[in-house]
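Subject: Structure for you to look at

Hello,

Here is the structure I promised to pass on. Please open it and keep it beside you as you read my notes below.

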Amino acid sequence: MAEITATINGRQVKAKEGMTILEAALESGIDIPTLCHRPELVPIGACRICVVEVEGSRTLVGSCHTPIAGGMVIHTHSDKVLATRRMIIELLLASHCGSCYMCDKANICELRKIAADLEVGLPRFQMRKNYYALEDISPYIVRDLTKCIMCRRCARACREVAGHNVFGIAYRGFDTKVVVDFDQPIDKEVCRDCGVCISFCPTGALGKPREAKEEKRGKPLIITS
Amino acid sequence: MPAEPDVTRELKEILSRYSGASSDLIPILQEAQEKFGYLPEEVMQRVARFLRLTDNMVYGVSTFYAQFSFTPTGRNKITVCRGTACHVRGGARILKEIERRLGIKPGETTEDMEYTLETVACIGACALAPTMKIGNETYGQMTTMKAAEVLGAKEKAS
């Protein structure tokens, strides 16, 4: 593979052809936050958290799915990029349930971590939430779609990693949700205990049933100024 | 609610005209919807098996489009335009009047399975605002009186 040179944040960076901007940035030690992206999965560029500015491009581009090209001049943390990322997080939080105190995965929640990193507090938008009933009939998995941010990582992990195809995406717009079968609550008939999707879920939407006296996972997120 | 129609034979007939490529999905669903009036779960399952897709893929596609329905629809579909032009000229009142006469809200079907009421963002006949459609017939420059008349005439004809 041919080696190419691009400029990221004013620094000359070497990358292999076919790499995405995200991969090249990570390889040279530049951190770009991601939400819907996982290295194990095919990128879909759904969440737009990883957008970067490429000089000459009309819009910001999603770095997780855009291949890097020689001579690109990329800014990963310009004002415009940061403002866009904050806006996206605010929009996600405006429809997120916000019950972190009660959430088992609060300390390992990627949404919360990115929100803290980007210093996003209460969104300035009107809070508009979709409340769904907690699905806890399965002994292997608890699903709370109120916390779902539609990153589709569960559906892709189920298909691409676990080799099943339990989840589908249905409905449209604000009503879009991850469905199982014909929009049934998830139970042990359709999904066994592989737990792949649980580890891929960035929020508390998918979790293991909580055992008695079990502690919250992860260290409490302490924001230091 | 009528019993689920026996879909096996009729669906087989529809499927026999398709090769089974996944791009056939929407045409098949459209034909099935035309035939059964809605998409029963069994139909979606069979279509999924025919196209080698998962059930939830078919469900995802069919819930994405407003043209597909999952509950039995009435013999006549009434579509009231709620677009800007129709709204300005009183589309809301037309809708209210029809709701009152049929006793149903948009998205619902009368108990005798005669009418299904729907709203649409624009039917593209703004010059005739406010408009409504019954089946494929478009009625323009509606008033509440005219809406009542049209419904009454339909009732008599059927």
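Start with strand 1 (residues 3-8) of chain A and strand 5 (residues 73-75) of chain A. They run parallel, and two bridges join them. For one place to look, find Thr7(A), which stands opposite Val73(A) in strand 5 of chain A. Remember that this is a predicted model.

Strand 1 of chain A also pairs with strand 2 of chain A. Here the two strands run antiparallel, with six bridges between them. Thr5(A) has Lys14(A) as its bridge partner in strand 2 of chain A. Strands 1 and 2 of chain A make a hairpin, and two residues lie between them. In that turn, Asn9(A) has a positive phi of about 50°. As background, strands in a sheet pair through backbone hydrogen bonds, and they may be parallel or antiparallel.

Next, the inside of the model. The largest nonpolar core has 67 residues, and Ala6(A) and Cys154(A) touch the most other members. What is Ala6(A) in contact with, leaving aside neighbours within four places in sequence? The list is Val13(A), Ala15(A), Ala24(A), Ile68(A), Gly70(A), Gly71(A), Met72(A) and Ile74(A). There is also a second, separate core of 13 residues. Among its members are Cys81(B), Ile94(B), Leu95(B) and Ala147(B).

Phe167(A) deserves a stop. You will find this residue in strand 7 (residues 167-170) of chain A. Is Phe167(A) buried or exposed? Phe167(A) is buried, because 27 other C-beta atoms lie within 10 Å, and 20 or more count as buried. Not counting residues up to four places away in sequence, Phe167(A) touches Cys154(A), Ala155(A), Cys158(A), Val178(A), Val180(A) and Asn56(B).

Chain A is divided into two parts: domain 1 (3-77) and domain 2 (87-207). Their centres, taken over C-alpha atoms, are separated by 26 Å. Domain 1 of chain A puts 12 residues into the contact, and domain 2 of chain A puts in 14 residues. On the domain 1 side of that contact in chain A, nine residues are nonpolar, three are charged and no residue is polar.

On to chain B. This chain has seven helices and four strands. Along the sequence they follow the pattern α-α-α-α-β-α-α-β-β-β-α. The C-alpha trace of chain B spans about 50 × 30 × 25 Å along its principal axes. Of the 158 residues in chain B, 25% are buried. Take the contacts in chain B with a separation of 6 or more: 60% of them are between residues 24 or more positions apart. Chain B is divided as well, into domain 1 (8-64) and domain 2 (76-157). The centres of these two domains of chain B, over C-alpha atoms, are 30 Å apart.

How do the chains meet? Nine residues of chain B are in contact with 12 residues of chain A. Helix 4 (residues 55-64) of chain B gives the most to the chain B side, with seven residues. By class, that side of chain B has three nonpolar, four polar and two charged residues.

Last, the confidence scores. The model has an ipTM of 0.80 and a pTM of 0.81. The mean pLDDT of chain B is 88, and 96% of the residues score at least 70. Where in chain B is confidence lowest? That is helix 7 (residues 144-157) of chain B, with a mean of 83. Helix 5 (residues 84-88) of chain B is highest, at 93.

Best wishes

How values were computed
Residues are numbered from 1 along each chain as its sequence is written. Chains are lettered from A and ligands numbered from 1 in the order in which they are written. This is a predicted model: local features need pLDDT of at least 70, side-chain atom pairs count only at pLDDT 80 or more; totals for chains, interfaces and linings use all residues. Domain bounds come from an automatic or database domain assignment. Two residues are in contact if their C-beta atoms, placed from the backbone, lie within 7 Å. Ala, Val, Leu, Ile, Met, Phe, Trp, Tyr, Cys and Pro count as nonpolar, Asp, Glu, Lys and Arg as charged, and the others, Gly among them, as polar. pLDDT is the predictor's confidence in each residue, from 0 to 100. A nonpolar core is a set of buried Ala, Val, Leu, Ile, Met, Phe, Trp, Tyr and Cys residues joined through C-beta atoms within 7 Å. A residue is buried if 20 or more other C-beta atoms lie within 10 Å of its own, exposed if 12 or fewer, and partly exposed in between; C-beta atoms are placed from the backbone. Two strands pair if DSSP finds at least two bridges between them.
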